[in-house]
Amino acid sequence: MYEVIAFYVFAALTIGMFGIVVTSRNALYAMSALAGGMIFISGFFFILDAEFLGVVQIVVYSGAIMALYAFGMMFFDTTRDVSEKMRSKKIAYSLSIASAVLVVAILCAPLVGESVEALYPSIEGVGNVQMIGVVLFTKYLVPFELAAIMLLVAMISGIVLASKKMDEYLAIEDEDLEDVKEGR
Amino acid sequence: MENYLYTALFAPLASSLFVALFAARPKMLFTGIVASLLIAISMIASFVLLIDVNTYGPLHVSMMDWISAGNLEIPFGFVVDEVSVIMMVTVTLVSTIVHIYSIGYMDHDKSFNRFFSYLSAFVFSMMILVMSDNFVGLFIGWEGVGLCSWLLIGFWYHKHSASWAANEAFIMNRIADLGMLMGLFLIYWSVGSFQYDEFFASLKTMDSTLLATIGLFLFIGAMGKSAQFPLHTWLADAMEGPTPVSALIHAATMVTAGVYLVIRCGELYTLIPDVGFAIASLGAFVALFAASMALVNNDLKRIIAYSTLSQLGYMFVAAGLGAYWIALFHLMTHAFFKSLLFLGAGNVMHAMHDELNIKKMGGLYGSMKATAILMSVASVALAGIYPFAGFFSKDKILEVAFNEGAYFLWFALFIGAGLTAFYSFRLVMLVFFGEKEYEKYGIHPHEAQPFVIYALLPLGLLAIVSGFLEHTFEGFVTRLLAQYEIHIEHGTEALLIAATLGIALSGIAFAVYMYRRGGFPKSWEERFCYKLLSNQYYIPKLYELYIMRPFSALANFAWQKIDTKVVDLTVDLIAKMVYSTGEKSRKMQSGNLSDMLRWMVVGMIGLLILAFVYRPMV
Amino acid sequence: MITLTHYFILTGILFSIGLVGVMRRTNLLMLFFSTEILLNAINVGFVAVSKYYNDLSGQLFAFFIIAVAASEVAVGLGLLILWYKRNGSVDLNSLQMMKG
Amino acid sequence: MEHILSLLVFFPAMAGLLGFLVAKESIRAYGISVSAIEFFLSIILWIGYDSTNAGYQFVEYYPFISSYGMSYYLGVDGISLFLVILSTFITMIALIALSIEKEIKNLIISVLFLEMTMVGVFVILDVIWFYAFWELSLVPMLYIIGAWGSVNRMYAAIKFFLYTFAGSVLMLVGILYMGFLYHEATGIWSFALPDWYLLQVPFETQLWLFGAFFLAFAIKVPMFPFHTWLPYAHGQAPTIGSIILAAVLLKMGSYGFVRFSLPLFPDASVYFLIPVAVICIIMVIYAAMIAYAQKDMKQVIAYSSISHMGIVVLGTFAMNAEGITGSIFLMLSHGIVSGALFMLVGVIYDRRHTKLMSDFGGLASVMPNFATIYGIMLMASVGLPLSIGFVGEFLSLVGFYRISWVMTLLAGTGIILGAVYMLVLYKKSFFGEVVHAENKTLKDLNAKELTALIPLVALVAILGIYPKPVLSVIDMSVQKMLVLMDQKAVLQETKELLFKANTIGGTN
């Protein structure tokens, strides 16, 4: 029963938060709403007995990614309202709704048979985190390592791209080149 | 004996190839002499073979395989039997004389060597034609003589008319060759072989429709080579070639190849008398038709060409009615006197500096006695006056027509004989007697070189005496060919001979009488009949108007309208459609990320719909 | 009782909110936010399936998605900053160089 | 000898790669020697070929992607042997006669790569590889036309490329479906042609597959109405491109009919016999008429190629040993003759920079050797007996006569119309007076051109007089193929037609 209540509450909250994200004119509001939405999502994860993911969600999304956005936004002028020239909202809405309906229709159609067998069934009495750890370091070891490398690359590239010095060289213009030649 | 066979066959080839080495060089006398010698060797070998065949019977050799595929086996095989040896002797004899004659005739031509090369190549092709033991071998020779005829008619290629005539001859012959090829294919698929003997052996087992079809197809081939109506126009135009060529190819040998083919397939045509009768009727028609055109023509060589055409008609009458040996006999005698006539005409042309209009000659007897006598002999022989060669062979043909009860054909030939006599002597009179018209044009005619005249003497002799060989000839060739019995009462026969002789003599007399007095009045030339005849019944015009021009127009239409405007345009249109779709849809690529994202969602929806429609049913 | 269908519907709603954002916003930063919503919506779906079929693969997928999202943000933000510095705007309409 | 086929296929390409290192001055000699070695290799192949064995010889088989049945599978039989020799021979001759100076290095390297693909198409027995070579052959040709052609070359090159490419895409679908069928039937994947030969395909399926392959081959041949790329390609291509295009590339299409359509889909081939024959007849007559209307010498020969290829395809669909052997022989003879004719046009183009017949006239007196060789080739082209052109044409028509005499008669008009346009061409260009002053000083053939042309003339004569060594080898493999077709046929009518087509006598 609590589960049901929790689901609906979280669902309402998440939808609301995300709704704010996509409609808000202020970037700061949008970001805050997004962070909230993320946390509520982690609520679903806890309901679904995926504690590990729930934690990761909070830590990575609400923590790391949001922090990244927050830092990123320092570069922009966030207090000003985001001015957007909107074109044909109707198309956007109708397309989104159509796709959502389709997704739901497909997913709810009786396609996922009863005969699905679990590849990695969770075992009674073993914690979720432990299970994930086992699977992650056995079957998904290579993807895991790749993900690690990817993150590393992303980190470095993020740093490089955002750093001031690189910027100058990347955005080199013809007149800049002249300046360099003349030793200025 | 095989060596003689190969000598007879390959000596002309050797001659041709040897002389061809010097083809591009200026005149070298020895090429002519070597060529004549080699052809003479071939002639001697042919005579040896004639004696041999007479004593020991036919000779059959198989040299090597040529084509083999599937069930088809075509060898290079040669047969020397009674018919082919007669052809060989005739061909090589006339060829030798023509070669020697040409040394004199082509004396001043800068392409002297080339001429001999072509001429010898022609002899080689002709030998293959007559000696082959199968139909495809015959076809090799058939096309080979066509090629040489093309080369030789167009020998003076800088003349537009010559190259045009050469092409016309080749193409006309090709049309007929297609018919012949069809006949060959039919033979192959009914018999499984192209060999004469196998084909004749299986004739009995084939039904008559099939035989008639084969016979007709083969005759179409013969019609082309022998210039029978409606494929006859090329022969008169072929007179553009040098005169020795006309004598050899377009009188004595190549044009008789069609007759040879019918004679060779005598066993076939005997079984299909209806087709034979059709051939004979066509022959009789051509005999009269060509003779009528010869009546009014003023071109020295064309007159003789029409006469050849007419005589070929006679031969076809005989062959079509089943008198094969008589056809062959006429073929042989005709070869002698007709080539003589042409070669004499060549002398006249030389004397007249290549003037061909007989109206501009006259009175040449004074300056060229020998030629005049020889040509007169040939003309008498052609007219069929006793005791000259033409009498024996031509009269026999008339008897055959009468004997078969084909009185209509007989009558046509009878009239033809009269016409022949008339136009032959019209020519003789206009050229050699009467007013010396040439003086008006400042020409000083002279007799040909003596050796040229000597070379013609054998032909003159043969034109006189070969008729007496009739019975020997009959005995010899009827070993192979069907016997032909003439069942006419002696009285009737004598009457017939007398009638024929009478009409021929009256034709001559009429010609002599008329042209002594200066010929027909000018007003005749205005008449419709005269115009019709002198324009060759407007047939060349009809061909040009209704075949050549429409073909040309259709070809242009097919190219400019159909090919570029329909077929190619369709292809280009498809390409353009692709281009224009790209051109139009590039607007989609506005560069705006929002738009792209929208397109992405559209695509996603499309995919989702597909996924939904084709979802796996549980 | 909450069934898998409920979760799917929720996923669908969240996803379409994300799509609306993706299509509607022209501010690049907002676009990034919207993509995060899309990713999160899918994550919910994965975890729900994982739960209802008692299979850990779903959770692991979600895990990797989070990793990808993190790297995306890192690189994306870097580029965004770069662009902002050069153009002074992060509006999509200023980015139309790929016009066909 | 074991790897001679691999050597034949890849030697030119390897040599072509090395060619980048060769100095520009010596690249001509290099190209000629490479192609001569290649030709020599193909002659060794012929010497080593066992003419009593009708099957594939010099077979090389290595699994390539074995889980999907792809293999590197080479082999040569009587049908392909002479086409390989033709390819190497023509490439060599064309390189000898080459007169282009511009970017000659790239040109020669392109030609060598082209040679690889041509030989590859003829000797490969794995269908996927066949497809690869088939398509690869377009690329060097695209360059040759596009880079060294005349004014309108880009249009011609792109048209050539896209047109032929579009056709073969459908063939790829056919190939994949055929592989799928094989998998269905046997449970294993295989794209080896000899394996496919053993598969009996249901009639309905045959029809579809025949259609898919047909389009690719028909465009390549090119059959009416897919022929319009050819005049453009020939008109714009440099001489060497035209020679190779006419002599070898067109043969790939007709080879495809013999190698794929007939043995793989015997019932469909018989079913479509009459429509195909009708197309062939249209090709023969229509192309001959268009050739007659042309003003450009090269276009005449280009259209005459279409006309002759009509007879080639007709012979192939005669369904008997005479016709098919004849059509393969006609491929060879057409390769030699049309190659020579294009070369001759190139000779005069090099001198006068025009190909219009009206610009010539009277050439026979200025260039006697040129005129002689031209005349010989022309006579071979119209199929004069004892020249190479007659044998194939005669056999093809003999063969098809068994199927339908009316159609043979109609196709036979090709020999008349062929004589018409060829003789008219000859008359316009070679006969008559020399009317243009520029033509009076034209030089006759030089040593280089004679070196290239005399072997062709010799071949025209030799194979015309004694074609048996070639014919018997072809014939044996063709008969084997016919037996195969008979075994594979699923319909009774097909078997009856095959029987009828191959027996003498009986009703017509």
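How far apart are the nearest C-alpha atoms of chain C and chain D? Please then describe chain C itself: how many helices and strands are there?

Analyst: The nearest C-alpha atoms of chain C and chain D are 23 Å apart, and the two chains do not touch; a contact requires C-beta atoms, placed from the backbone, within 7 Å. The model is predicted, so local features need pLDDT of at least 70 and side-chain atom pairs pLDDT 80 or more, while totals for chains, interfaces and linings use all residues. Residues are numbered from 1 along each chain as its sequence is written, and chains are lettered from A and ligands numbered from 1 in the order written.

Chain C contains three helices and zero strands, arranged along the sequence as α-α-α. (Helices are DSSP runs of H or I with at least four residues, strands runs of E with at least two, numbered from the N terminus.) Chain C is more spread out than a compact globule, because its radius of gyration of 17 Å is well over the 13 Å that the globule rule gives for 100 residues; the radius is taken over C-alpha atoms, and the rule is 2.2 Å times the number of residues to the power 0.38. Its C-alpha trace spans about 50 × 25 × 25 Å along the principal axes. Of the 100 residues in chain C, 59% are buried, that is, they have 20 or more other C-beta atoms within 10 Å of their own. Where contacts in chain C link residues at least 6 apart in sequence, 48% of them join residues at least 24 apart.

The partner of chain C to consider is chain A. Four pairs of chains touch, and chains A and C have the most contacts among them. On the two sides, 61 residues of chain C are in contact with 72 residues of chain A. Helix H1 (4–24), helix H2 (28–52) and helix H3 (57–87) of chain C each supply at least two residues to this side, with H3(C) giving the most, 23 residues. By type, the side of chain C that touches chain A has 38 nonpolar, 16 polar and seven charged residues. (Ala, Val, Leu, Ile, Met, Phe, Trp, Tyr, Cys and Pro are nonpolar, Asp, Glu, Lys and Arg charged, and the others, including Gly, polar.)

(A core is a set of buried Ala, Val, Leu, Ile, Met, Phe, Trp, Tyr and Cys residues joined through C-beta atoms within 7 Å.) In the largest, of 435 residues, Val317(B) and Leu413(B) touch the most other members. Apart from that core lies another of 77 residues, whose members include Val56(A) and Ala92(A) as well as Val44(C) and Leu60(C).

Chain D has 22 helices and two strands. Its radius of gyration is 22 Å, close to the 23 Å from the globule rule for 508 residues, so chain D is as compact as a globular protein of that length. The C-alpha trace of chain D spans about 70 × 60 × 40 Å along its principal axes, and 63% of its 508 residues are buried. For contacts in chain D between residues at least 6 apart in sequence, 80% join residues at least 24 apart.

Methods: A residue is buried if 20 or more other C-beta atoms lie within 10 Å of its own, exposed if 12 or fewer, and partly exposed in between; C-beta atoms are placed from the backbone.
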